[in-house]
Amino acid sequence: MTDQAFIREAVGGADLNALRIALFQATGDRAVAAIPVHRIDVRAGAGTTYEVAEEYRAFLIDRAVDFLSAAPHQHIATVPTDADLRALMELVTGGEPISDMDFDIRKPVPAFDDYPRTANWAGPRARLPEDFRVVIVGAGFSGLGMAVQLERLEIPYVIYERRGEIGGTWSINTYPDARVDTPSAMYEFSFEKRYPWTEHFARQAEVREYLEHIARKFGIFDKIRFNRDIKGGVFDETASIWRLEVADNDGSINTITANFVVSASGLFSSPRQLSTQGLDSFTGEVVHSTEWDMRHSAAGKSVAVIGNGSTGVQLLRRISDEANKTYVFQRTPQWISPRERYGEPLSLGDRWLRETMPYYWNWTRYTSTLPVLNLYQFLVPDPEWRAAGGLINRPNDALREAMTQYIVAQVQGRPDLVEKLVPNHAPFSRRLIVDNGWYRALLKDNVELVTTPIAAVNSEGIVTEDGCVHPVDMIVTAIGFAVEKYVWPSDYVGRSGLHLQDVWSRDGARAYLGMMVCGFPNFFVLYGPNAQSVSGGGGTIPTQIEMWTKFVAQLIVDTLERDHASVEVTADAFEDYNARLDAAAKKLIWLTDTQSTDRNYYVNNGRLQVNMPWHYRDWHQMLSAPNLADMAFT
Ligand SMILES: Cc1cc2nc3c(=O)[nH]c(=O)nc-3n(C[C@H](O)[C@H](O)[C@H](O)COP(=O)(O)OP(=O)(O)OC[C@H]3O[C@@H](n4cnc5c(N)ncnc54)[C@H](O)[C@@H]3O)c2cc1C
């Protein structure tokens, strides 16, 4: 029997709105359903949360404690019918009706089904050609997500991974304080329930362990060939087969075949290297954030940190705690803002509740998405608002003001810092960065913010354009990734000798729905060009991976069920899609805010490259099932 005081404390710290719905679902207690909630705007209207009315909190807590003190384990959890689920979702928001389309989009979020977003055979599994197999390139989040789809469909596959372990991003980046900046409750697959995260924002090692757990639990691990680098391949049009070249660790090359290739090689796989003049003459250490491992230490050193993107901001506090002196080189100020519970452990009570209270985990997933549902409004400039003197639109300007005040408060109003730290570009025109004590670190006596551009590196350290030399023992570069190099450096040769890298080097990487390229049959890219939905309801990357992999798996199924050997996007569909995409992108702040387009990784050569420009509702419509009219089968 669990201690009453423990239960009460756990319930007191719970997401009470999620608990209210879970308790009602478990007990049918109408008095619990009738508890009112208040709608509260968060992040200057970026989204909303719904909080249990103060005067009902004690009542709800008492009811929940009673239920949890009895025998919660004896409750037999059931999957609600669509009608019940819809009613429960409406109850979360105090009775606001949910449209058919929104219900369809949001139904998988509380993840009551075992596999909320998966492809399916129309009938029994189709007969597969002899030796049929899919090759997945990469064993990161995307590759594993793809493998789970194929496992369920009983379609044979092999994963080739050039590293010696699972995890991709989460195996490579082991710099100080590397962790997710989206809550772990949202940065997970919906088919793995109640994973016992220990922190609200999991650290790198925990995410890597999670992915290893997924690989073992879903029977994927033995199908991964580690230390195998796919160099590229050629599509054999007669046989409808890909012949791929694989390099082993010893450099030997083998050829393997695949009926379908799914490149899950990652957007952040090619670190951008510092190329400053004189770098070779530097006598100290130069470490890219992706190269940082246990052998590196800043202790007692004079260190330069170059970069203030997500990584540079994550690692500064720890480096500056250990170093004697830290210079922070900032090229462009960024919008860096706090996240609730960032860096905090999940309490024992929290973890116990997720495990013990039926449906609570499901509803925390649902409530945690509400604050980010309206992000799209930040991206669309309002001409009337601008004509009246505003910068972008009402919510975006309000957010800018709130975030400016945060910066001022963090640096204790120091005008010299405020002037250097408040960006010119609009919030959301670049990725928002989560503050890991970055501004506070700048206040330390032994930390210096340098905004004069870097001119060169000499043997002693970094020389800025004003001629100043900043002597350092170590340069840590957190300057990001060559995100324009998709699927790099592998080269795939499609129909008529067409090289993918040639096609993409001509006018930038393009794909249909971020996944398919005209002239490349049976070939898919995950996290490809313009694949990323940042408009809120698109969900975090694992959710998007579920959508992308469902789409790919469904097209493989559709091909097999039609007894075809290959599928590709038609030229017309490819061109039309990209024309619509470019036209939609031109209307959003990523391209209209001229303060941001330069050196913004979303944009490459003046074209939106990483994100897709539509509202998540449109995105969902496009991805929910392949449009076979856009496909050519042979
Ligand atoms: C430091 C950092 C922090 C991040 N934090 C977040 C976050 O908080 N929230 C969020 O939503 N996203 C975050 N991201 C984005 C993150 O990359 C994705 O969320 C996700 O991990 C991408 O998974 P992936 O499998 O697509 O790619 P990756 O994780 O990059 O995996 C690709 C895999 O493919 C392998 N590979 C590549 N080429 C080949 C080849 N030719 N042959 C064989 N194997 C190959 C690589 O070795 C790698 O293992 C972060 C990214 C970085 C770099």
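Predicted model: local features only at pLDDT ≥ 70, side-chain atom pairs only at ≥ 80, totals over all residues.
If you skip residues up to four places away in sequence, Tyr601 touches Phe268, Arg431, Val483, Gln532 and Val610. There's also a distance for you: from the C-alpha of Tyr601 to the C-alpha of Arg162 is 25 Å, and those two are 439 residues apart along the chain.

A polar backbone atom of Arg162 is 3.1 Å from a nitrogen atom of the ligand. Over at Phe141, a backbone N or O atom lies 3.1 Å from a ligand oxygen. And Ala264 has a polar backbone atom 3.5 Å from an oxygen atom of the ligand. How much of the ligand does the protein cover? The answer is 95% of the 990 Å² of accessible area that the ligand has on its own.

Who else is around the ligand? There are 32 residues surrounding it, and the closest are Ser142, Glu161, Thr169, Asp181 and Tyr187. Sorted by class, that shell holds 13 nonpolar, 13 polar and 6 charged residues. If you want to find the pieces on screen, look at helix H7 (141-153), helix H8 (169-172) and strand S6 (229-236), each of which supplies at least two residues of the shell.

Next, Arg208. You'll find Arg208 in helix H9 (residues 204-217). Arg208 counts as buried because its relative accessibility is 17%, and the cut-off for buried is under 20%. What does Arg208 touch, not counting residues up to four places away in sequence? The list is Glu165, Ile166, Gly167, Trp170 and Ser171.

On to the nonpolar cores. The largest has 153 residues, and the members that touch the most other members are Val134, Ile136, Ile155, Ile220, Trp438, Tyr492 and Tyr512. Helix H18 (residues 541-561) gives the most to this core, with 11 residues. Let me pick out Tyr512: leaving aside neighbours within four places in sequence, Tyr512 is in contact with Phe551, Val569, Ala573, Phe574, Tyr577, Asn627, Asp630 and Met631. Apart from that core lies another, of 43 residues, including Val11, Ala14, Val37 and Tyr360.

Asn578 lies in helix H19 (residues 571-585), and it is buried, with a relative accessible area of 2%. Beyond neighbours within four places in sequence, Asn578 is in contact with Arg510, Ala511 and Arg607.

Then there's helix H11 (residues 348-356). Its buried residues are Gly349, Asp350, Trp352, Leu353, Arg354 and Thr356. What covers them? The cover includes helix H1 (4-12), helix H4 (54-69) and helix H12 (360-369). Asp350, one of those buried residues, has a relative accessible area of 7%. Asp350 touches Gly13, His200 and Arg341, again not counting residues up to four places away in sequence.

Where's the cis peptide bond? It joins Trp488 and Pro489, with omega about -5 degrees. Pro489 is in the loop between strand S19 (474-477) and strand S20 (491-493).

Asp131 has phi near 60 degrees; Asp131 lies in the loop between helix H6 (100-106) and strand S3 (134-137), and counts as exposed at 67% relative accessibility. Ser496 has a phi of about 50 degrees. Ser496 lies in the loop between S20 and helix H17 (500-507), and is exposed too, with a relative accessible area of 71%.

That's my tour, thanks.

Note on methods
Residues numbered from 1 in each chain as written. Heavy atoms only, no water. Near = heavy atom within 4 Å. Polar contact = N/O pair within 3.5 Å; in protein donor to acceptor, adjacent residues only side chain to side chain. Areas by Shrake-Rupley, 256 points an atom, 1.4 Å probe, with all protein chains shown as cover. Helix = DSSP H or I, 4+ residues; strand = E, 2+ residues; numbered from the N terminus. Nonpolar A, V, L, I, M, F, W, Y, C, P; charged D, E, K, R; others polar. Core = buried A, V, L, I, M, F, W, Y, C linked by side-chain atoms within 4.5 Å. Buried < 20%, exposed > 50% of the residue type's maximum accessible area, 1.4 Å probe, protein only. Contact = heavy atoms within 4.5 Å.
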